[in-house]
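Open the model in your viewer and keep the sequence panel beside it.

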Amino acid sequence: MSHQPFRVFRISNKKDSPKIMSLKRRVLSAGIWSLAGFGAVQVIRFGSNLIMTRLLAPEMFGLMAISTVVMIGLALFSDLGLRTNIIRSSRGEDPAFLNTAWIIQIFRGLLLWVAACGVAASIAIVGHLGTSLGQGIYADPRLPEILVVLSFTSVILGFSTTKYFEASRRLSLGRITLIEIVSQIMGILFIFAWLSLDRSIWALVAGAICASLVSTILGHLYLPGVRNRWTWDPAAFREIFHFGKWLFLSSILGFLAMNGDRLMLGGMTNATFLGVYSIAFGIVAAIEQVLVRIVASVAFPAISEIAREHPSKVGDTYYRMHILIAAIAYFCSGTLVVSGQALIGVLYDARYAGAGWILEVLAAGLVVIPLQLANYTFLALGKPWMNSTISAVRTALLFVGMPAGFYIFGVEGAIWGLVMSQLLSAPLIIMFAVQTRLFAARREIMVLPMLAVGFAAGKLFVELVRYWRP
């Protein structure tokens with residue numbers, strides 16, 4: 001692997017082939033669209049969230065958070081990696097392959113709804129019996145009803161077009177981004193319209209259904225690509241299932257690793273605390289989602305194409321992406337670790353003050369986000385078992401660390417147990433990166449000063465808040 005100086009996007013080089021030049025232009029375009037579009041979505045969501053926290057009680061956000069986690073869990077427990085398959089497969093533009101994936105997606109959406117209804121019924125029964133399992137937020141009688149209605153979004157999204165996956169494969173993200181912004185705005189407008197009549201949690205549920213419906217319809221009407229038809233190709237199914245079985249295992253473990261915190265806190269605490277926690281978690285998650293969006297929507301397709309056509313250039317491509325991801329992650333981590341409480345004090349009222357220390361603790365976990373790029377590169381290199389192993393280790397650390405921390409130190413110990421599970425899984429990812437010849441210590445270290453810059457920025461923000469709000 002070359003260790004020559006590099007730039008994030010190097011557009012002109014006489015030695016580059018036309019295909020590589022085209023890829024670089026597409027990467028640059030996709031990166032701009034991904035950052036601008038997803039950033040706009042996060043700003044819209046964050047702004048509306050600030051307003052809704054003044055209209056709704058914290059417990060409503062707690063109920064919505066746990067309902068969303070259950071839905072994400074069911075989705076990942078049935079994930080065959082359709083998007084990943086289409087992006088990396090040599091048949092990724094074959095109509096028969098795409099339509100087979102579409103049919104699988106439809107049936108999966110229907111099964112998810114049935115499964116969610118089953119989970120809701122189980123929670124209702126346990127709560128009715130009054131057993132020790134029905135504690136915390138799970139004892140709230142509204143939760144089963146919310147799950148049944150909210151889970152219908154899986155049926156709607158099951159009919160989403162595979163044109164989304166085709167566009168991701170081609171790094172053509174402009175129209176996808178516009179659809180996401182429009183669907184987000186429509187969902188939020190629907191929430192506020194509902195709140196004008198009824199200030200209940202059903203406004204949030206209705207907004208989620210509206211956004212998924214708009215996204216599905218616009219995808220079919222506005223995106224270019226293969227029109228989905230009822231076509232079944234056994235060979236395509238075998239390829240999808242063969243590669244997807246590893247992603248299925250990785251998705252299950254990944255869900256537990258990424259969402260186990262809220263599942264466990266739902267039993268350890270009540271809806272009010274979980275609602276406060278969801279505020280802090282949402283800020284960290286917004287940063288993480290922007291970065292992972294760049295990795296999944298820009299870096300992964302680009303590295304997959306390089307791996308197919310120019311395997312020797314994977315390492316250099318990896319680190320051109322890495323420097324941007326790492327710089328943002330380290331800066332944000334340093335800033336929020338220092339200024340989390342001040343930021344919450346500025347943005348939210350006194351009911352959410354407890355989110356401040358939680359935000360500062362959770363922000364420490366952002367330093368491992370750049371390693372997500374390595375995880376996706378392992379997939380591009382055809383090594384999904386590495387992702388499964390990483391997810392298994394992180395899940396084990398989480399489900400040991402959080403309960404142990406809670407038992408010894410209470411809620412603060414549980415939150416620290418979550419962060420330590422993220423940090424302690426990093427050495428395994430680095431080991432796999434070394435095995436695949438991705439890791440270059442010098443290139444990793446050269447971005448670390450951004451953490452100190454973040455600390456300084458956070459300290460400056462705290463001092464400014466103290467000056468304006470003594």
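**Whole chain.** Bear in mind that this is a predicted model. Colour by secondary structure. The protein chain has 19 helices and zero strands. Now switch to a surface view. The accessible surface of the protein chain is about 20500 Å². Carbon and sulfur atoms hold 69% of that surface. Of the 470 residues in the chain, 54% count as buried.

**The nonpolar patch.** Select Trp33, Leu178, Leu213, Ile217, Leu221 and Tyr222. Together they make a nonpolar surface patch of about 570 Å². Which helix gives the most to the nonpolar patch? Select residues 202-222. That is helix α9, and it supplies four residues, the most to the patch.

Next, pick Leu178. This patch residue lies in helix α8, residues 174-195.

**The cysteines.** Select Cys117, then Cys332. Cys117 is partly exposed, with a relative accessible area of 26%. Cys332 has a relative accessible area of 17%, so it counts as buried, which means under 20%. How many disulfides does the structure hold? The count is zero.

Methods. Residues numbered from 1 in each chain as written. Predicted model: local features only at pLDDT ≥ 70, side-chain atom pairs only at ≥ 80, totals over all residues. Heavy atoms only, no water. Disulfide = S-S within 2.5 Å. Buried < 20%, exposed > 50% of the residue type's maximum accessible area, 1.4 Å probe, protein only. Helix = DSSP H or I, 4+ residues; strand = E, 2+ residues; numbered from the N terminus. Areas by Shrake-Rupley, 256 points an atom, 1.4 Å probe, with all protein chains shown as cover. Patch = residues over 30% accessible without salt bridge, like charges linked within 9 Å, V, L, I, M, F, W, Y side chains within 5 Å. Salt bridge = Lys/Arg side-chain N within 4 Å of Asp/Glu carboxyl O.
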